[in-house]
Amino acid sequence: MGVRSELPLLGSRCSPCGNVAYPAAAGCQRCGSSDLVSVELARTGTVWAHTVQRFAPKSPPYVPPAEGFAPFAVGYVDLPDGVKVEAVLEASTVDDPAELVDARVTLVATEPVPRFATDGWLATRSSTEKAGGR
Ligand SMILES: [Zn+2]
């Protein structure tokens, strides 16, 4: 896989009750404890729910890409750690819901927000990189 994925996805886990939160919280949303430890979350999960952003969000904070705004998918990724992470979803096409519903997705390294990509998108990306002689 030529896709970089070094970015850790850091959340927090409550010591007394085990509740996991992302982003990392200062206090547990379930039991109120402040006895939390930092945990690195799984990099793969499944899409729990998603929608398509079809118009450019307000800028700032949104930074439009150099090539201009294009519709993109956003949704919640259900991680095995027991937490749902809201993220941008990279997909081959946002107009094919079949690619995104319950799709297995993998974290890709981007700042400042985490993005998840479908296996289909990753396959497209790695074949493009091979073609580019990387
Ligand atoms: Zn707790």
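What percentage of the 134 residues in the protein chain do buried residues make up? Buried residues account for 26% of the chain; a residue is buried if 20 or more other C-beta atoms lie within 10 Å of its own, exposed if 12 or fewer, and partly exposed in between, with C-beta atoms placed from the backbone. The model is predicted: local features need pLDDT of at least 70, side-chain atom pairs count only at pLDDT 80 or more, and totals for chains, interfaces and linings use all residues. Residues are numbered from 1 along each chain as its sequence is written.

**Figure 1. Secondary structure of the protein chain.** Two helices and eight strands are present, where helices (H or I, at least four residues) and strands (E, at least two) are DSSP runs numbered from the N terminus. Along the sequence they follow the pattern β-β-β-β-β-β-α-β-β-α. Of the contacts with a separation of 6 or more, 54% are between residues 24 or more positions apart; two residues are in contact if their C-beta atoms, placed from the backbone, lie within 7 Å.

**Figure 2. The open sheet of strands S2, S1 and S3.** Three strands form this sheet in the order S2-S1-S3, with antiparallel pairing; two strands pair if DSSP finds at least two bridges between them. S2 and S3 (36-40) are the edge strands, each pairing on one side only. Strand S1 (residues 10-14) is joined to S3 by five bridges. The bridge partner of Arg13 in S3 is Val37. Strands of a sheet pair through backbone hydrogen bonds, either parallel or antiparallel.

**Figure 3. The largest nonpolar core.** This core has 23 residues, among which Val77, Val83, Leu89, Val105 and Phe116 touch the most other members. Strands S2 (20-21), S5 (72-79), S6 (83-90), S7 (104-108) and S8 (115-118) each supply at least two of its residues, and the largest share, four residues, comes from S6. A nonpolar core is a set of buried Ala, Val, Leu, Ile, Met, Phe, Trp, Tyr and Cys residues joined through C-beta atoms within 7 Å. Beyond its neighbours within four places in sequence, Phe116 contacts Val77, Ala87, Leu89, Glu90, Val105, Thr106 and Leu107.

**Figure 4. The surroundings of Gly120.** Gly120 belongs to helix H2 (residues 119-131). Gly120 counts as partly exposed because it has 18 C-beta neighbours inside 10 Å. Leaving aside neighbours within four places in sequence, Gly120 is in contact with Ala91, Ser92 and Glu99. Although Gly120 and Ala91 are 29 residues apart along the chain, their C-alpha atoms are separated by 7.0 Å.
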